[in-house]
Amino acid sequence: MSTKRLYLAVGLCAFVVHIGALWNQFALDDRLIVLFNPMVQSVSGVWSAFGAPYWPANLGGLVYRPLPIASYALDWQLHSAVWLHAVNLVWHAGIAVLVAATARRWSTDMAALAAGLIFAVHPVHVEAIASVVGRADLMATAATCLAVYAALARDSIPWSAAFLALGMLSKESAAATPALIGLGWVLGLARPPRQRMVAYGLTWVAIAVGYGVLRWFVLNPYSGFPNIAPQFAGQGPLAIRMTAVAAFVDVVRLLIFPMHLQADYSPMERVAVTTPLAPQFLLGVVCLGAWTALLINAWRRGRRMEAFGLGWIAIAYFPVSNLVVPHGVVVAERLLYLPSVGLALAVGAAFERLPQRAQAIALIVLALAGAVRSALRVPVWRDNRSAALAMIADAPLSYRSWDYLGWEYVWAGRSERALESFRRAGAIYPGDARMHLAAAHMAYVLGRGALADSLLQRADSVCPRCPTAYRNQASAARLRGDSAAASYLLNHVQPASP
């Protein structure tokens with residue numbers, strides 16, 4: 001197969017398998033970051049995004065990802081959800097080709113085809129592709145792959161540095177790039193002189209300092225907002241790390257056998273691990289040990305691309321693993337988009353060791369299985385209602401699943417059902433004051449004042465009159481035309497306001 005045909009086959013497969021996303025609208029975080037974001041709805045957002053946080057200020061700011069916001073603002077000029085999703089498909093197809101090109105640079109055409117197709121159809125990617133806001137992961141992954149290729153295959157400091165900077169401005173996960181390049185040097189994929197390595201290092205330091213200063217300048221006003229997974233609330237450092245290790249079980253399952261997918265892993269779907277004897281933690285240790293054994297075996301036998309792919313998985317996942325800095329989620333499928341590049345490279349390289357006939361059969365089976373699972377998963381992100389109902393089916397023990405369903409009932413004007421959903425969310429996980437506030441809002445709308453007051457007391461017991469949470473809930477009430485409910489919420493929190 002010629003190089004052009006190989007890349008065309010990979011790119012088309014990545015696009016066609018997910019083509020159902022063109023019928024998707026806006027779901028879950030798409031609505032906050034794109035649909036209701038004033039910055040996105042003006043062409044000025046293309047440049048003003050660089051001076052604003054990724055999340056709306058009333059939700060805490062929290063992260064800095066200007067390039068995705070700028071791209072949404074540019075796309076919004078066409079006022080078409082189809083176009084926004086089409087751009088995501090093009091990004092994914094391009095990344096699949098990059099994976100194939102990386103594999104082909106150090107392996108055979110068969111390894112490149114296998115790596116590209118496995119990445120193109122892997123079901124764990126659907127969340128990042130089929131939801132508009134998944135573009136941050138797509139852009140960061142594309143930039144990371146280009147930066148690594150520019151360094152290892154072309155030894156180009158300027159190009160590698162430029163792609164690293166673009167990746168960092170897309171999503172923080174691109175920070176893994178220097179370590180990925182270093183891994184390539186260690187394995188012998190490239191061996192630049194020591195002076196060149198120092199030059200690369202100095203460039204990385206300069207980019208890190210510049211990015212850090214810019215990020216601090218933009219996000220410093222929001223530094224008081226918490227950004228931590230609910231499972232970590234009230235837990236000590238050891239429990240947080242044990243919970244992170246337990247999450248390795250999900251990581252392995254999602255990368256190797258992604259039959260069950262879910263958009264949320266909040267309590268009680270996943271809970272904190274507080275003892276090293278917990279089965280989840282012990283299984284996580286086993287997964288870590290198995291990965292270590294595979295990496296050492298590949299390294300000792302001189303299988304450089306297999307070792308590089310296995311190392312890529314760990315390096316790319318490490319920044320979001322919660323092992324160093326705890327963040328807002330314990331597990332999320334979108335966070336595995338970049339690590340899965342390593343899986344595709346490792347499996348593609350392993351295909352070289354199979355008999356020729358077995359290679360074809362194995363690749364056809366894997367590609368078809370992944371394509372069917374991915375294509376069936378894409379419609380889950382059709383709109384907010386579809387996503388909410390899928391979350392209930394996939395993760396019924398997640399309190400956020402019932403929260404999202406509650407909001408669907410709110411906007412549909414079904415206040416009684418919304419109250420039931422919010423109360424169920426609060427019963428599953430009482431530690432999020434927003435569930436009790438939303439339930440109180442609905443109780444007030446239904447004229448159940450005593451229940452509304454008791455729910456506000458429950459919210460205050462979790463977070464004593466949190467002004468931001470109350471104001472956000474009041475804003476939602478005003479959007480529905482419930483000015484009386486908005487006043488009720490604001491009057492309750494007013495004594496705690498300056």
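## Exercises on helix α13

The buried residues of α13 are Phe-248, Asp-250, Val-251, Leu-254 and Leu-255; buried means under 20% relative accessible area, exposed over 50% and partly exposed in between, with a 1.4 Å probe and protein chains only. Seen down the axis of α13, these residues fall within an arc of 160°, so they line one face of the helix; the arc is that of the directions from the helix axis to the C-beta atoms.

This is a predicted model: local features need pLDDT of at least 70, side-chain atom pairs count only at pLDDT 80 or more, and totals for chains, interfaces and linings use all residues. Residues are numbered from 1 along each chain as its sequence is written, and side-chain values use heavy atoms, without hydrogens and water.

**Exercise 1.** Find what covers the buried residues of α13.

*Solution.* Step one: look for contacts, meaning heavy atoms within 4.5 Å. Step two: list the helices; the cover includes α12 (237-246), α14 (279-300), α15 (304-317) and α16 (339-350).

**Exercise 2.** Is Val-252 buried or partly exposed?

*Solution.* Helices (H or I, at least four residues) and strands (E, at least two) are DSSP runs, numbered from the N terminus. Step two: read its relative accessibility; at 35%, Val-252 counts as partly exposed.

**Exercise 3.** How many helices and strands does the chain have, and what share of its residues is buried?

*Solution.* Step one: count 24 helices and zero strands in the chain. Step two: take the 498 residues of the chain, of which 54% count as buried.
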